[in-house]
Amino acid sequence: WELPVSYLFVEEANDAMLAGTPSGQVNEMEQAETFAWSESSIGLVAETQDITAPTPFARKLYQWLRIDADTQGENLTVKFYVDGVLKHTVTLNGIRTRPLLSLPAGCFGYSYRLRFEYTGREPVTVYGFEADYLVLDRVA
């Protein structure tokens, strides 16, 4: 689906996956009894909003990226964008990995965004992420 989702939630008691939209609507995405696992893989693309805080009007040099993820041994592709331009792509593979990834030179900008791409059969979880940067200038 192409649905703006601000929160995904699994309701264990009812065995359902729910998605909350920015407008406050809650959609039931899947129920276990109606979803049949097959030999084919499932594709997923999730993208964050542009992240500018805590200094939205300052230009930054992004140097490091840390992603806390559990890929269950599957490949999870992470794309790092600065001001809407793709700057770095990395593939994670492991169980509850938290690698500190060095970003390439030239990652200057005001905001960053991450895009997670996955195709497989195992449940993949992203627990959190952060981009470390140096503030280069500040506009009052």
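In strand S2, Met17 is the bridge partner of Val10. Strands here are DSSP runs of E of at least two residues, and helices are H or I runs of at least four residues, both numbered from the N terminus. S1 and S2 run antiparallel and are joined by 5 bridges; two strands pair if DSSP finds at least two bridges between them. Their hairpin has 4 residues between the strands, and Asp15 takes a positive phi near 55° there. Strand S2 (residues 16-20) is mostly covered, with 4 of its 5 residues buried. Buried means under 20% relative accessible area, exposed over 50%, and partly exposed in between (1.4 Å probe, protein chains only).

The model is predicted: local features need pLDDT of at least 70, side-chain atom pairs count only at pLDDT 80 or more, and totals for chains, interfaces and linings use all residues. Residues are numbered from 1 along each chain as its sequence is written, and side-chain values use heavy atoms, with hydrogens and water left out.

The protein has 0 helices and 11 strands. Of its 140 residues, 29% count as buried. Among contacts (heavy atoms within 4.5 Å) with a separation of 6 or more, 66% come from residues 24 or more positions apart.

Strand S10 pairs with S4 (residues 42-47) in the antiparallel sense over 6 bridges, and Val45 has Glu117 in S10 as its bridge partner. S6 also runs antiparallel to S10, joined by 7 bridges; in this pairing, Val78 stands opposite Phe116.

The largest nonpolar core holds 18 residues, of which Tyr62, Leu65, Ile67, Val78, Phe80 and Leu114 touch the most other members. Strands S5 (58-70), S6 (76-82), S7 (85-92) and S10 (112-120) each give two or more residues to this core. A nonpolar core is a set of buried Ala, Val, Leu, Ile, Met, Phe, Trp, Tyr and Cys residues joined through side-chain atoms within 4.5 Å. In soluble globular proteins, nonpolar side chains tend to be buried together. Not counting residues up to four places away in sequence, Ile67 touches Val78, Leu92 and Phe116, among others.

Leu3, Val5 and Leu8 make a nonpolar surface patch of about 230 Å². Such a patch takes residues with over 30% relative accessible area and no salt bridge, with nonpolar side chains (Val, Leu, Ile, Met, Phe, Trp, Tyr) joined within 5 Å and like charges within 9 Å. A salt bridge is a side-chain nitrogen of Lys or Arg within 4 Å of a carboxyl oxygen of Asp or Glu. Val5 lies in the segment before strand S1 (7-11). Val5 counts as partly exposed because its relative accessibility is 37%.

Conventions:
Areas by Shrake-Rupley, 256 points an atom, 1.4 Å probe, with all protein chains shown as cover.
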